Amino acid sequence: MQNYASEDRYIKELDPKKHEIALSTEDLHVFYGTSEAIHGVSLPFERFKITALIGASGSGKSTYLRSLNRMNDNIEGTRVDGKIMYRDIDINGKGVNVYEMRKHIGMVFQRPNPFSKSIYDNITFAPKRNGIKNKKVLDELVETTLKQAALWDQVKDQLDQSALALSGGQQQRLCIARAIAMKPDILLLDEPASALDPISTSTVEDTLLSLKDHYTIIIVTHNMQQAGRISDYTAFFHLGNVLEYDITSNVFQRPKIQATEDYVSGRFG
Amino acid sequence: MDSKKWDKIATGVLYFIAGVMILILAFLLIFILWNGLPHVSWHFLTSPAKSFQSGGGIGIQLFNSFYLLILSMLISIPISIGAGIYLSEYAKKNWLTNLVRTSIDILSSLPSIVVGLFGFLVFSISAGLGFSILSGALALTVFNLPLLTRNVEESLRSISGSQREAGLALGLSKWETVLKIIIPEALPGIITGMILGAGRVFGEAAALIYTAGQSAPPLDFTNWNPFYIASPLNPLRPAETLAVHIWKINSEGIMPDASQVSAGASAVLIIAVLIFNFGARYVGNHIYRKMTGTK
Ligand SMILES: Nc1ncnc2c1ncn2[C@@H]1O[C@H](COP(=O)(O)OP(=O)(O)O)[C@@H](O)[C@H]1O
Ligand SMILES: [Mg+2]
C-alpha cells in the first residue's frame, strides 16, 4: 500500500445552523494497549442522515464505530481519549451511565447475532427489562419494528419460533428490528451486509433507507457501491486517520484527496 | 501408496479401536448385569443389610447414596456455578486467575482416596463431624467441585462473544447479559455436566470410606425429624453408601451370600450410573432443542 501524507486531508465543515448534528467526535484517539489504532478523528454526524465509513480493512473503521457507544470498554486494555458529543454531553467522560447511553445509541454487528430465543422474545427482551410489561404494547412494538425492518410479512406467523431458524439475511433484519425496538436516536452498523448474499444485502439496504426518516445512521462498509447507494455523507479512513469527509457524491465523483481517489477507483483496498 | 489408501487404513484402525472399546464396555455390562440382576428384587432393594445371615438387602445403602448425592450437589452446584461464572465472565487475565485455574485442574486430578483422607482429617477429625453424611457430602464436594466448576466455565465460554455484545449493545448491564442471555444458552451444557457429575459422585467409594463411614445403622423411616438420631434425614449419622457397601462386602463380608449381595448391588449401581449418563444426554439435548427450536 502506498503511503499518503496524513496531513493531506479534507474534512467538510457542517454549519450547525443548517445541519442538526446528532453526534460528533472531537480529536478521538483509540489505543489497544500501547498501540494507537485511531489517531485523533473529528467528525460530525448529521441527524436523520446516513453517514458511511469506508476504507481498507484494518484502517480503523470498526474501532472508531465501536468507540461511539463505548463497546470498546469491554475489551481489556483499550483506552479512548477525546470527546464524543451527544446532546451537549461528552459521553466519553467519566460518570456517564454507559448502559443508559447505549439505549440511545444502538448497534448492529457484522455477523447476525440473534439470541437463541423466539423471534418475539428477541425483540421484546430488552424493552421488557426496561419496564415495558403491557402485552399489547409489546405486541405492537414487535409488529412495527418488524415492519420497519421489512421482515414482518415473512415471519408474522412464526413469532414464537426460534430466531436461529431464520436465514442469515432475515436474522440480520431481526437484529435491526431488535435494535430499533429500544427506540434509539442513533443506529451504528458495522458492515451489516458483509455476511449476506446479494439479495439479502439489497433488502437490508432498502431497510436502512426507509429507517433514515427516524434515525441517524452511521454505517461501516467496505462495499463502495453500497456506500454510494445509501449514504448522504462518507468518511474515508486510512491507517487510523480520516483523510476525507464530504457529501457522498463528492467523495466518489470528485474526491479532493489523492488517497481517496485511489481507494474509490479500486487502486488499493 | 496414495493418500486415499492411507485414509482407508487410518479409518479402519480407528473403527477397530472403537469396536474394541465398545466390546469391552458391552462385556462388562453384560457380565455385571448377568451375574447381578437375578439377585435383585423388591425385597433386596428395600430391606436392610445383614451382617451374619443371608437374605440381606441394600435398602439403607441405596437411600444413603441418594441422600448423600443430593446433599453434596446442594452444596456444590451453587458454588460451582458462581465460580464458573466468575472465571468465565469476570476474571481478568492475570497470574492470579491462572493460579486459580491451575489449582482447579490439579484438584480435579487428585485420586479420590486422597480426597477421602483429606476429608477424614479435616471434616471428620478437625471439624468434629466424625463419620457422618455431612462429612461425606463435604468430601464429595471437594471431589466434584473442580470438575463442575470447569464444566460451568467451559459451557459459558462456548457461547459466542457476539451474544455478550448483543446484550450490552441493547443497554443491558453485564450481569443482566450473563444472567438472562449467556447462562440460558449455556444451560444444556451446564446441566449435562451436573448430571454426569452426579453419576460420578453416586459411584464414588474411596472418598467416602473414611468420611461417611462404613456402617449403616438402622433407620426409622417413620421419623423424618433431622435431629432425631435414627432419622433418615439426620446429617450427622454415619452412612455407608452402595458403592462403599460393595467394597466392604468384598473385603470383609462374612455373610453366607456375600457374593450374591455384591453382584446384586453392583448391578443396581451400574444401572443407576447408566441412568445418570443417558439422562444427561437426553436432558441436555431436550433443553437445547427446546431453546433453539431446532428439531
Ligand atoms: N481487539 C483488538 N486488539 C488489538 N488490536 C486491534 C483490536 N481490534 C482491532 N485492532 C487493530 O486496530 C486496527 C484497526 O482495526 P479495525 O478497527 O478492525 O479496522 P477495520 O474495521 O477498518 O477493518 C488494526 O490494525 C487492527 O489490527
Ligand atoms: Mg471492521
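Biologist: How many salt bridges are counted between chain A and chain B?

Modeller: The count between these chains is 2. This is a predicted model, in which local features need pLDDT of at least 70 and side-chain atom pairs pLDDT 80 or more, while totals for chains, interfaces and linings use all residues. Residues are numbered from 1 along each chain, chains are lettered from A in the order written, and side-chain values use heavy atoms, without hydrogens and water.

Biologist: Why is the pair B:Glu176 and A:Arg129 called a salt bridge?

Modeller: The closest N and O atoms of B:Glu176 and A:Arg129 are 3.1 Å apart, and a salt bridge asks for a side-chain nitrogen of Lys or Arg within 4 Å of a carboxyl oxygen of Asp or Glu, so the pair qualifies.

Biologist: What makes up the side of chain A that touches chain B, by class?

Modeller: That side has 12 nonpolar, 5 polar and 7 charged residues, where Asp, Glu, Lys and Arg count as charged, Ala, Val, Leu, Ile, Met, Phe, Trp, Tyr, Cys and Pro as nonpolar, and the others as polar.

Biologist: Which residues are in contact, and what area is buried?

Modeller: With contact meaning heavy atoms within 4.5 Å, 24 residues come from chain A and 21 residues from chain B. The buried area, which is the accessible area (1.4 Å probe) lost on being put together, summed over both parts, is about 2000 Å² between chain A and chain B, and carbon and sulfur atoms give 59% of that area.

Technical notes
Buried area is the accessible area (1.4 Å probe) that two parts lose on being put together, summed over both.
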